[in-house]
Amino acid sequence: MSPRKFSPMELKPTFFGAEDTNSAGRIRHDLWPLGEINPKKAKFPCCLVWTPLPVVSWLAPFIGHVGIGREDGVVLDFSGSNFVNIDDFAFGAVARYLQLDREQCCFPRNLAGHTCKQHYKHSEFGTGITWDDAILTSMRHFEHKSYNLFTCNCHLFVANCLNRLCYGGTTGWNMVNVAGLVLLKGRWVDTLSIIRSFLPFVLVLCLGMLIVGWAFLIGLLSFSLLLVAWFLLGTYCFKNLMEC
C-alpha cells in the first residue's frame with residue numbers, strides 16, 4: 001500500500017508563526033467585544049473622556065479634566081493626591097469622548113511578543129497584557145502620587161496609561177498631546193455638553209468686558225498664554241517638572 005499524499009491545504013500549519021502576529025492580535029481582540037458607549041450610564045469603553053473644570057475652564061475653556069475608560073466602560077481618573085476615582089468621574093458628567101482602537105496597542109507577554117517597534121523602551125516603561133491590566137498598573141502607580149494641577153495631574157495619568165499600552169506605537173505620550181488628542185478628535189456627548197462647557201466662559205467674558213473693558217480681555221488672553229507656555233515648556237523643555 002503506497003503512502004498517502006497530502007495536499008498543500010492539508011499541510012498548512014495550524015499554529016501562528018512570526019508572520020501571523022497581526023492575525024493573532026486581531027483574533028485576540030475579537031475575543032474582547034466592547035459594549036456600546038452609553039453616556040446616560042457613564043459607560044465609555046476604551047475611551048478618553050473630558051469634562052470642564054470649575055473656575056479654571058471658565059477662564060480657559062480648553063483646560064479640562066480627563067480620564068480613561070476600562071474595557072467594561074467604567075471611567076478612571078486621577079483627581080486628588082493618592083486617589084484615583086473609579087466609576088465616579090470628578091467634576092461632573094463626561095462632555096467629550098474619544099474611543100481608542102485596541103489594535104493600535106501593544107500587549108506583549110514577553111520581550112519577543114512585542115508588536116511595537118519600541119521593544120526595550122516599552123518594556124522599561126512598563127507594559128500590560130491587556131488594556132485593563134495596563135490601566136490597573138497606572139492606577140496603582142498614581143495612588144502614591146500627590147496631585148498638582150500644574151505638574152502632576154489627570155492628563156499625566158492618562159498619558160501614563162497610553163505609554164504602558166504603547167498606543168499608536170509610541171511611548172511619547174504626555175500632557176500636551178493627550179490634551180490635543182481629546183480636544184481635536186473628541187466627540188461631544190450632546191448639545192447640552194457644549195453649552196455646559198462654554199457658557200460659563202462666555203458669561204465671564206461678557207461680564208468682565210462690561211465692568212472692566214478691554215483690559216479684562218487682555219488679562220484673560222495673557223492668562224491663557226501663560227498656561228499654554230507653562231505646559232509646553234514643562235513638557236518639552238523642563239521634563240523633570242512633569243514627571244510623576
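Mentor: Start with Leu241, which sits in the segment after α8 (214-236). Helices (H or I, at least four residues) and strands (E, at least two) are DSSP runs, numbered from the N terminus. The model is predicted, so local features need pLDDT of at least 70 and side-chain atom pairs count only at pLDDT 80 or more, while totals for chains, interfaces and linings use all residues. Residues are numbered from 1 along each chain as its sequence is written, and side-chain values use heavy atoms, with hydrogens and water left out.

How accessible is Leu241? Leu241 is partly exposed, at 39% relative accessibility. The classes are buried (under 20% relative accessible area), exposed (over 50%) and partly exposed in between, with a 1.4 Å probe and protein chains only. Leu241 belongs to a nonpolar surface patch with Phe150, Trp230, Leu233 and Phe238. Together these residues have about 460 Å² of accessible area. Areas come from the Shrake-Rupley method with a 1.4 Å probe; for residues, only the protein chains shown count as cover. Patch residues have over 30% relative accessible area and no salt bridge; like charges are joined within 9 Å, nonpolar side chains (Val, Leu, Ile, Met, Phe, Trp, Tyr) within 5 Å. A salt bridge is a side-chain nitrogen of Lys or Arg within 4 Å of a carboxyl oxygen of Asp or Glu.

Now the cysteines. A disulfide joins Cys152 to Cys244, S to S 2.5 Å. Cys152 lies in the loop between α4 (131-142) and α5 (154-165), and Cys244 in the segment after α8. They are 92 residues apart, so the link ties distant parts of the chain. The link is right-handed, with 90° about the S-S bond. The rule asks for cysteine sulfur atoms within 2.5 Å, and the count comes to one disulfide. Cys152 is buried, at 5% relative accessible area. Cys47 is in no disulfide; its nearest cysteine sulfur, that of Cys46, is 7.3 Å away. Cys47 is buried at 0% relative accessibility. Cys237, by contrast, is exposed at 52%.

Cys46 deserves a backbone check. Cys46 sits in the loop between α1 and β1 and is buried at 0%. Its phi is near 55°, a positive value in a residue other than glycine. Ala42 also has phi near 55° and lies in the loop between α1 (21-30) and β1 (47-52). Ala42 is partly exposed, at 34%.

Ile63 is in the loop between α2 (56-59) and β2 (64-69) and is buried at 13%. The C-alpha atoms of Ile63 and Ser224 are 9.3 Å apart, across 161 residues of chain. Beyond neighbours within four places in sequence, Ile63 contacts Trp50, Leu53, Val56, Ser57, Leu227 and Phe231. Contact means heavy atoms within 4.5 Å.

Ser193 is buried, at 5%. Leaving out residues up to four places away, Ser193 touches Val94, Ala95 and Trp188.

Finally, the whole chain. There are eight helices and six strands, in the order α-β-α-β-β-β-β-α-α-α-α-β-α-α. Of the 244 residues, 40% are buried. Among contacts between residues at least 6 apart in sequence, 64% join residues at least 24 apart. The chain exposes about 14000 Å², with 63% supplied by carbon and sulfur atoms.
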